Amino acid sequence: MFPFRSHHPQRSPQNGAEKSPVIVDEVRAADEVEGSASQDVGPTTNPGAPSLASFCAKSGKATFFALAALTLFAGCKPVGPNYNRPGYTAPSAYKEIGASTAIVPPPNPSGGAWQPASPSDGMLRGKWWEIYNDPQLNQLEERVSANNQTLRSAAEVYLAARDQVASARSAFFPTLSAGPSISHDKLSTNRPLSTATSTNNYNDLVLAGQASWQPDFWGRIRRTVEAARASAQASAADEANVDLSLHAELAQDYFELRGLDSQSRLLESTVNDYQHQLELNQRLLKGGLVTDVVVAEALTQLETVRAQLIDVNEARAEFEHAVATLANLEAGQLTLQPEPLDIPLPNVPLGIPSQLIERRPDIAGVERRAAAANAQIGIAVSAYYPNITLGGQGGFESTHGGTWLQGPSALWSLGGQATELLFDAGQRHALTDQARHNYEAQADNYRASVLGAFNEVEDKLSDLRILEQESTVEYRAVNAAQHSLDLSNQRYKGGATSYLEVLVAESTLLTNQRTATDLQTRRFAASVQLVLALGGGWDVTQLPK
């Protein structure tokens with residue numbers, strides 16, 4: 001520890017309290033200065049002693065230049081490595097393209113005349129769910145943004161992280177405090193070194209302020225602010241990721257519900273057809289043209305489809321409740337009228353793979369945590385350098401209220417302190433290595449997140465492409481099954497075959513129709529998942545600075 005101080009205590013001439021022998025000489029010198037300062041005009045009692053004004057002026061100049069030098073020194077480059085985003089080479093194009101609804105940008109001309117695009121060029125923006133042109137969906141998505149409690153919680157986490165940045169910045173400035181102290185002291189007359197003329201009973205009135213400042217010579221505070229800012233940005237990215245995930249989850253649940261409405265419409269139509277078949281066979285039974293077995297088979301098939309319809313309605317109710325939860329509504333507050341999924345599947349612009357890194361909030365969050373971990377290295381390195389603290393205090397002290405705030409009662413002091421840790425058994429070295437390893441771990445997490453993001457987009461692109469192919473084939477299967485049923489009905493009505501052939505054809509048609517309807521729902525779900533994998537309408541320019 002290397003303390004250095006400049007003191008100027010002044011006490012009122014009326015203060016008769018006994019001084020400790022350790023500071024007798026200092027107080028005597030101060031009393032002489034007080035005596036000279038208390039004269040309005042004329043020479044001082046000690047012509048060689050400096051006046052209070054000249055002493056303060058000289059001390060103030062020296063203090064000013066010292067503080068100026070310290071301020072310049074505090075602006076030096078902070079210790080520790082500066083941050084560079086971990087490198088990752090993006091593929092030039094996506095592999096699993098081919099779906100008609102995935103819009104791929106044209107290739108770069110051979111001359112390379114194009115400029116690198118910004119993350120939002122040709123991409124989804126803002127309210128990405130509006131591409132589906134469903135007013136009911138748009139209304140529900142707006143409720144997620146305004147009322148979802150999970151999203152509000154993420155927003156509060158970000159605000160807390162932002163406050164941490166403000167807290168870290170406060171260390172750039174000195175701390176100031178002030179307050180009065182009033183006491184009446186009675187000293188023992190039998191204390192050591194007490195004399196008959198010593199004052200044993202006196203007042204002590206003090207009004208003083210203190211200031212303390214740690215200049216950021218080595219960059220510890222700057223690195224702390226840097227880490228706090230990066231962590232706050234990571235929290236903002238987390239909030240954006242929660243927002244994106246909630247909106248995508250609601251859209252997916254909504255389309256699953258609408259897909260079940262399509263299933264319900266199909267099954268209700270099938271129930272009506274099977275009801276007519278049952279009634280026809282009952283009439284044929286009365287005419288003696290069929291047996292009870294045929295009627296029993298028709299009834300069995302009818303009740304089977306009715307059971308399937310009930311099962312679909314049960315699943316629909318659960319999806320409706322899930323939508324209500326995401327929209328921050330009680331289940332009883334939301335009733336979605338049946339509306340089959342008959343809207344066309346919209347196109348989703350892909351952009352180029354290099355844009356993905358800038359568009360995914362989860363990647364941005366991991367990258368910002370890598371930046372925060374890098375700043376922690378500088379904080380750890382700063383522990384190798386001495387801590388320097390500057391301090392000062394000033395005010396008034398007297399034994400009487402009448403002289404409390406007068407010039408002779410003034411007191412002040414300025415000082416500094418520097419401390420350097422000489423031995424810590426390798427603790428600082430271990431903490432620095434720990435910070436470096438934490439950064440490498442975050443950098444590896446970033447690369448893994450980027451790789452996973454690219455592969456996730458490829459997954460959703462392949463889903464869309466394969467589901468589109470499967471839907472095309474399935475619609476052909478539906479047409480073939482319908483034709484087969486028409487032929488079986490003709491053969492049955494002409495008496496060329498049994499009713500069993502009709503039952504098989506009807507069952508085959510219903511199975512293919514349900515599969516085709518389910519594929520349409522899965523294509524909408526894959527479309528939403530592709531939007532989610534692409535980052536929705538978000539990009540890194542939306543991160544707070």
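Predicted model: local features only at pLDDT ≥ 70, side-chain atom pairs only at ≥ 80, totals over all residues.

Colleague: How do H9 and H10 cross?

Modeller: The axes of H9 and helix H10, residues 499–534, come within 8 Å and cross at roughly 160 degrees. H9 is therefore roughly antiparallel to H10, and H9 passes H10 in a left-handed crossing.

Colleague: Which classes of residue make up that contact?

Modeller: The contact of H9 with H10 has 20 nonpolar, 11 polar and 11 charged residues.

Colleague: What is the reach of H10 from its first C-alpha to its last?

Modeller: H10 has 36 residues and reaches 52 Å, close to the 52 Å expected at 1.5 Å a residue. Just after H10, Gly 535 takes a positive phi of about 95 degrees.

Colleague: What does Thr 432 touch?

Modeller: Leaving aside residues up to four places away in sequence, Thr 432 touches Ala 380, Val 381 and Tyr 384.

Colleague: A change of topic: how do H3 and H5 cross?

Modeller: The axes of helix H3, residues 135–147, and helix H5, residues 220–286, come within 10 Å and cross at roughly 150 degrees. H3 passes H5 in a right-handed crossing.

Colleague: Which residues make the contact?

Modeller: Among them are Leu 137, Leu 140 and Val 144 of H3, and Leu 246, Leu 250 and Phe 255 of H5. By class, the contact of H3 with H5 has 8 nonpolar, 3 polar and 3 charged residues.

Technical notes
Residues numbered from 1 in each chain as written. Heavy atoms only, no water. Contact = heavy atoms within 4.5 Å. Axes fitted to C-alpha atoms, helices over the stretch in contact; angles between N-to-C directions. Helix = DSSP H or I, 4+ residues; strand = E, 2+ residues; numbered from the N terminus. Parallel < 35°, antiparallel > 145°, perpendicular 65-115°, else oblique. Left-handed = near helix turned anticlockwise from the far one by under 90°. Nonpolar A, V, L, I, M, F, W, Y, C, P; charged D, E, K, R; others polar. Expected span 1.5 Å × (residues − 1).
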